[in-house]
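Reader: Could you take me through this structure? I would like to begin with the overall fold.

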Amino acid sequence: MDFAEYFPVFDRLDEAQQERLEKSAILKKIKKGTVMGSGSDDCLGLLLIRSGQLRAFIVSDEGRELTVYRLFDRDMCLFSASCMMNSVQFDISIEAEKDTEAWLIPISVYRDLMDESAVIANHTNEIMSARFTDVMWLMEQVMWKSFDRRLAAFLSEESVIEGSHMLGITHDRIASHLGTAREVVTRMLRYFQGEGIVKLSRGRIDILDEEKLRTLADGE
């Protein structure tokens with residue numbers, strides 16, 4: 001499948017715009033663990049994911065990470081092009097959680113298309129609105145939801161993403177997603193294990209009681 005099939009509003013652009021966009025997009029292979037755009041000083045370009053998985057995260061002054069949102073096939077990452085958004089400043093980094101293929105769209109090309117195409121401008125605003133909603137949802141979770149519920153919700157989501165109840169993920173990695181210390185994650189996972197919800201082993205968490213986990217995530 002080619003670029004045109006992945007860019008949501010491609011067929012609504014005129015031929016010249018389509019050609020400019022398609023010719024400028026460079027397909028990149030990004031290895032798992034690669035960090036791109038380490039904050040607002042970097043400006044890679046826009047990323048349109050063909051396959052794989054990325055996460056956008058922020059880092060506290062103490063070095064603690066917190067995942068803001070995740071990106072999958074056909075998603076577009078705007079914050080890898082933070083310099084394009086002069087009025088919005090986010091110190092967000094992007095990391096490949098899996099081996100990923102993504103088209104890199106140069107800033108200059110995309111900015112020109114936004115200026116001349118209402119279709120591109122509106123689509124970009126829709127993406128920004130969706131990301132703002134993600135950020136607000138995250139703030140609500142961190143401020144008002146207890147950690148056991150947040151952890152249960154994360155494990156449920158991870159199980160859906162991976163399509164398995166056997167999760168190959170470390171306590172450190174979970175801590176990076178949830179913005180807390182590894183020790184906090186370990187204590188809560190041990191509690192979950194004591195309740196028969198999960199089984200812990202080195203670098204792996206097996207979900208034993210999915211229904212109980214979801215009930216906990218929902219606060220019931």
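Author: The chain has eight helices and eleven strands, taken as DSSP runs (H or I, at least four residues, for helices; E, at least two, for strands) and numbered from the N terminus. This is a predicted model, in which local features need pLDDT of at least 70, side-chain atom pairs count only at pLDDT 80 or more, and totals for chains, interfaces and linings use all residues. Residues are numbered from 1 along each chain as its sequence is written, and side-chain values use heavy atoms, with hydrogens and water left out.

Reader: What share of the 220 residues is buried?

Author: Buried residues make up 46% of them, where buried means under 20% relative accessible area, exposed over 50% and partly exposed in between (1.4 Å probe, protein chains only).

Reader: Why is helix H6 described as largely enclosed?

Author: Helix H6, residues 171-178, is largely enclosed by the rest of the structure because six of its eight residues are buried. These are His 171, Ile 174, Ala 175, Ser 176, His 177 and Leu 178.

Reader: Which elements do the buried residues of H6 pack against?

Author: They pack against strands E4 (54-59), E5 (65-71) and E11 (204-207), and against helices H5 (147-162) and H7 (182-194); contact means heavy atoms within 4.5 Å.

Reader: And what follows H6?

Author: Gly 179 follows H6, and its phi is positive, near 70°.

Reader: Changing topic: is Met 143 buried or exposed?

Author: Met 143 counts as exposed because its relative accessibility is 52%. Its place is in helix H4, residues 118-144.
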